[in-house]
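Work through the exercises below with the structure open beside you. Try each task before you read its solution.

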Amino acid sequence: MTTNDHSPGRVGSHQSDRLAVLGIEAFGHHGVFGFERRDGQVFRADLVLGIDTREAARTDDLQHTVDYGSLVAKVKNAIESDPVDLIETLAQRIADVCLADPRVQWTEVTVHKPDAPVEATFSDVTLTITRTRSGARP
């Protein structure tokens, strides 16, 4: 790869490292139907963060990397609060939480809605979005 490569995982001349937190589960009241808002349902979120972990590895110090325990708590809160109609809106909210940490250059967020009101047998409904910090290359 060259330094001008725009493929996922590249930030400047360094390919960013990827931190993944998968299967964050929370109960939310999102959806377009009244019963979804009233009764709520389980949502899951998967996060992939583009970060540079070299300084954290060198110092072995949590302050030089993303505290994923704290991030999970914030994402869980984002799912549990302020109902919205669409998983697109929820996914953007979660991406904004991830990008609030200045060490995160890009994020890929997948929102799972396994109990979506669909009249068919299915295992999951998911939406995956990728967002980047302004000026960063995913």
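**Exercise 1. Find which residues Val109 touches, leaving out those up to four places away in sequence.**

Step 1. Locate the residue. Val109 sits in strand S5. The model is a predicted one.

Step 2. List the contacts. Val109 touches Asp46, Leu47, Ala91, Ile94, Ala95, Leu127, Thr128 and Ile129.

Step 3. Judge its cover. Buried means under 20% relative accessible area. Val109 has 0% relative accessibility, so Val109 counts as buried.

Step 4. Compare sequence with space. Val109 and Ala45 are 64 residues apart in sequence. From C-alpha to C-alpha, Val109 and Ala45 are 6.9 Å apart in space.

**Exercise 2. Describe the largest nonpolar core: name the residues that touch the most other members, and the element that gives the most to it.**

Step 1. Take the members. The largest nonpolar core holds 27 residues. Those that touch the most other members are Leu47, Leu49, Val75, Ile79, Ile94, Val109 and Val111.

Step 2. Trace the elements. At least two residues of this core come from each of S3, strand S4 (41–51), helix H3 (68–80), helix H4 (87–99), strand S5 (106–112) and strand S6 (126–132).

Step 3. Pick the main contributor. H4 gives the most to this core, with seven residues.

Step 4. Follow one member. Leaving out residues up to four places away in sequence, Ile94 touches Ala45, Leu47, Val75, Ala78, Ile79, Val109 and Val111.

**Exercise 3. Decide whether Thr110 is buried or exposed, and find the partner of its side chain in a polar contact.**

Step 1. Thr110 is in strand S5.

Step 2. Apply the cut-off. Buried means under 20% relative accessible area. At 10% relative accessibility, Thr110 therefore counts as buried.

Step 3. Find the partner. The side chains of Thr110 and Thr128 make a polar contact at 2.7 Å.

Step 4. Widen the view. Not counting residues up to four places away in sequence, Thr110 touches Arg44, Ala45, Asp46, Thr126, Leu127 and Thr128.

**Exercise 4. How many salt bridges does a search of the whole structure find? Work out what the pair Glu25 and Arg44 ties together.**

Step 1. Count. The search of the whole structure finds eight salt bridges.

Step 2. Take the pair. The side chains of Glu25 and Arg44 form a salt bridge at 3.0 Å, N to O. Glu25 lies in strand S3 and Arg44 in strand S4, so the pair ties together parts that are 19 residues apart in sequence.

Step 3. Check both ends. Glu25 counts as partly exposed, at 44% relative accessibility. Arg44 is partly exposed too, with a relative accessible area of 30%.

Step 4. Turn to another pair. Glu36 and Lys113 meet through their side chains in a salt bridge (2.7 Å, N to O). Glu36 lies in helix H1 and Lys113 in the loop between S5 and S6, so this pair ties together parts 77 residues apart in sequence. Glu36 and Lys113 are both buried.

Step 5. A salt bridge joins the side chains of Asp39 and Arg38 (2.9 Å, N to O). Asp39 is partly exposed, with a relative accessible area of 43%. Arg38 counts as exposed, at 59% relative accessibility.

**Exercise 5. Where does Asp60 lie, and where does Asp82 lie? Look at phi in each.**

Step 1. Recall the background. Most residues other than glycine have a negative phi.

Step 2. Take Asp60. Its phi is near 55 degrees, a positive value in a residue other than glycine. Asp60 lies in the loop between helix H2 (54–59) and H3. At 71% relative accessibility, Asp60 counts as exposed.

Step 3. Take Asp82. Phi of Asp82 is near 40 degrees, again a positive value. Asp82 lies in the loop between H3 and H4. Asp82 counts as exposed, at 55% relative accessibility.

**Exercise 6. Which residues make the nonpolar surface patch of about 370 Å²?**

Step 1. Name the members. Val32, Phe33, Phe35 and Leu86 make the patch.

Step 2. Phe33 is in the loop between strand S3 (17–28) and helix H1 (34–39).

Step 3. Phe33 counts as partly exposed, at 41% relative accessibility.

Key. Residues are numbered from 1 along each chain as its sequence is written. This is a predicted model: local features need pLDDT of at least 70, side-chain atom pairs count only at pLDDT 80 or more; totals for chains, interfaces and linings use all residues. Side-chain values use heavy atoms; hydrogens and water are left out. Patches are made of residues with over 30% relative accessible area and no salt bridge: like charges are joined within 9 Å, nonpolar side chains (Val, Leu, Ile, Met, Phe, Trp, Tyr) within 5 Å. Accessible areas come from the Shrake-Rupley method with a 1.4 Å probe; for residues, only the protein chains shown count as cover. A salt bridge is a side-chain nitrogen of Lys or Arg within 4 Å of a carboxyl oxygen of Asp or Glu. Helices (H or I, at least four residues) and strands (E, at least two) are DSSP runs, numbered from the N terminus. Buried means under 20% relative accessible area, exposed over 50%, partly exposed in between (1.4 Å probe, protein chains only). A nonpolar core is a set of buried Ala, Val, Leu, Ile, Met, Phe, Trp, Tyr and Cys residues joined through side-chain atoms within 4.5 Å. Contact means heavy atoms within 4.5 Å. A polar contact is a pair of N or O atoms within 3.5 Å; within protein, one must be able to donate a hydrogen and the other to accept it, and residues adjacent in sequence count only if both atoms are side-chain atoms.
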